[in-house]
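Thanks for coming, everyone. Here is the structure I want to walk through today.

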Amino acid sequence: MTGSWPASPAQQGMWLTERAGVAGRAFHMPLAVWLDGPLDVVALEEACEEVARRHPVLGGVLAEDGGELRVVPHGVPPLREGGDLEEELAGPVDPVGGPAARFTLIREDAKRHVLLFQAHHAVFDGESKDILLRDLASWYGGAAPAPLVLTHPEVTVQQRVRLADALPDARRYWQDRWRDQRELHLPGLTGVSVAAAPGSALDFVVEDLGGLAERLEVTRFEAVLAAFVALLHAYGNARPAVGVDLSTRTERSRDHVGAFVNELPVIGVPEGGTFGEFARSLRAELRRLYRHREVPLARAVDGIGPRAALTPVSLSYRRRPETAPLFPGLGASVEWMMFNGWVRNTLHLQIVDDQAGTAARLQYNPALLDPAGAERIREDLAALLAAVAVDPEAPLDLLPLPAPVPAASAIIAAVTDGPVAAELVREIQAIFAKELELDDVEPDDDLFDLGGHSLTITQIIARAQERFGVELSFELFIDDATATRIAAEVARLQEQAC
């Protein structure tokens, strides 16, 4: 594949999730800019083209080549004119078939336009929004940004080297820490999910987060995370695990657009003492976690199959630069938290923090968490943040924390009932062993526990097609990737074909 380069660890995880069919539109990232004034459409078109050349990952698609996942140049379509904003938001971005990113210009009137940019998370992250707009504004104004220190392929190679170096320590760190959550306590909750689904959202504002963080001697991110974890614990979650997006950018990759992010779980238990003591202990735990930010959890522990989110509850925090990009001769306003109507898990707290204030949004799956329950979570979190802003060192047992609520459990797919021929199971065991390069595999050994990954699955599917004449689905491997389960599905498909 001429001009291609190896996929990054983040891209490999997202590709697997897409193949598993559990991502929906949750990885589609929209960004809208309202431009007021006499827009030079030709200059904007040229600026979009220059940005696509500067950041070739935007024009890349993911493809397998000789058992390796690679980014293959595909191209970003030219700026196109669109119609209704809501209809355009539903448009596809595809990291496999392409395009993975696109620009659309919507004309509201002669002096008001909306520039809508959409990209898949495999080629774009939260910090990329600022980089993209900064570069667009520079080229629109006729000034090219400073050259990048490294090419994107060179940055990806460095990421892979750092991951390999960090992997042994990360495995030791997570050995006794990680437990997959199958149960969750939240008001109004009926189920637990880490698969994408149509979602709803509630917006609110966090007051004086900076003042609270300063008094606690922690960062603003750490202050809001401590409050969120304390609230989850109060609902009855003994060891709340919150998935957080951690940047993997370095000095040499800070000006690159791309997926420089790794979701890892933060686990905190706020028992006894004061809120301030808990916030500082959480800060210390985060400092230990940051040493392993390069390593996806699925590389460090066994048994984590493809999922849209690592944990049922997650939090993303982004501190924006103090100055917004300026398009010469135009007024510009940006929707930094544009919601595309999909969620990656059960509950997600999104924070965007800048000089204008701290915007917060609760995104949730309404099929599992009813609107009244989501509203109660928002009110409880706002009340807790207001209380600790008054007294950051208040004892935890004196804060306005809610009473525990009943738990809901994840729905786990059942294994196909009925006996399976022992010879068929042994054949599937042999296929597993061959693709994993192992001497032996037991009937109930989990593929992911044995070190399997997305490419292993595709190879097993190909072997099954060749040997048994059936086409296994990628999704089959997500819930129960054992030889027994795969053999049962092969038997079912063979019987169906008769």
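**Walking through the model**

Let me start in a loop. Glu-437 sits in the loop between α11 (422–436) and α12 (454–468). Helices here are DSSP runs of H or I with at least four residues, strands are runs of E with at least two, and both are numbered from the N terminus. The phi of Glu-437 is near 60°, a positive value in a residue other than glycine. Glu-437 is exposed, with a relative accessible area of 74%. On the terms: buried is under 20% relative accessible area, exposed is over 50%, and partly exposed is in between, with a 1.4 Å probe and protein chains only.

A word on what you are looking at. This is a predicted model, where local features need pLDDT of at least 70, side-chain atom pairs count only at pLDDT 80 or more, and totals for chains, interfaces and linings use all residues. Residues are numbered from 1 along each chain as its sequence is written, and side-chain values use heavy atoms, with hydrogens and water left out.

Now another glutamate. Glu-217 lies in the loop between α6 and α7. Its phi is near 65°, again positive in a residue other than glycine. Glu-217 is exposed, at 63% relative accessible area.

How many of the eight residues of α6 are buried? Six, so helix α6 (residues 209–216) is mostly covered. The buried ones are Leu-209, Gly-210, Gly-211, Leu-212, Ala-213 and Leu-216.

On to α7 (residues 220–234), which holds Phe-221. At 10% relative accessibility, Phe-221 counts as buried. Phe-221 and Leu-315 are 94 residues apart in sequence, yet their C-alpha atoms are 9.7 Å apart in space.

Next, the aromatics. The structure holds five aromatic pairs. The rule takes rings of Phe, Tyr and Trp (its six-membered ring) with centres within 6.5 Å; planes under 30 degrees apart are stacked, over 60 edge-to-face, and the rest tilted. One of the pairs is Phe-103 with Phe-117: tilted, 4.9 Å centre to centre, 50° between the planes. Phe-103 lies in strand β6 (residues 101–109) and Phe-117 in strand β7, so this pair ties together parts that are 14 residues apart in sequence. Phe-117 also pairs with Phe-124: the centres are 5.0 Å apart and the planes at 55°, so that pair is tilted too. Phe-103, Phe-117 and Phe-124 form one aromatic cluster.

Phe-117 has a relative accessible area of 2%. Phe-124 is buried as well, at 0%.

Now arginines over rings. The criterion is NZ of Lys or CZ of Arg within 6 Å of the ring centre and within 35 degrees of the ring normal. Arg-293 lies over the face of Tyr-290, at 4.6 Å from the ring centre. Arg-320 lies over the face of Trp-336, at 3.6 Å from the ring centre.

Stay with Arg-320. Its place is the loop between β13 (313–319) and β14 (331–335). At 6% relative accessibility, Arg-320 counts as buried. What joins the side chains of Arg-320 and Asp-130? A polar contact of 2.9 Å. That term means a pair of N or O atoms within 3.5 Å; within protein, one must be able to donate a hydrogen and the other to accept it, and residues adjacent in sequence count only if both atoms are side-chain atoms.

Ser-193 is in the loop between β8 (183–185) and β9 (197–198). At 16% relative accessibility, Ser-193 counts as buried. Its side chain reaches the backbone nitrogen of Ala-195 at 3.0 Å.

One backbone item. Gly-98 and Pro-99 are joined by a cis peptide bond, with omega about -10°. Pro-99 is found in the loop between α3 (85–89) and β6.

To finish, which residues line the largest cavity? His-28, Met-29, Pro-30, Leu-89, Val-93, Gln-118, Ala-119 and Asn-340. A cavity is a set of points, on a 1 Å grid over the protein atoms alone, where a 1.4 Å probe fits but cannot get out; lining residues have an atom within 4 Å of a point. Strand β2 (28–36) and strand β7 (112–120) each supply at least two lining residues. The largest share, three residues, comes from β2.

That's the tour. Over to you.

Definitions and conventions
On a 1 Å grid over the protein atoms alone, a cavity is a set of points where a 1.4 Å probe fits but cannot get out, and a pocket is an open set with protein on both sides within 12 Å along at least five of seven lines; lining residues have an atom within 4 Å of a point.
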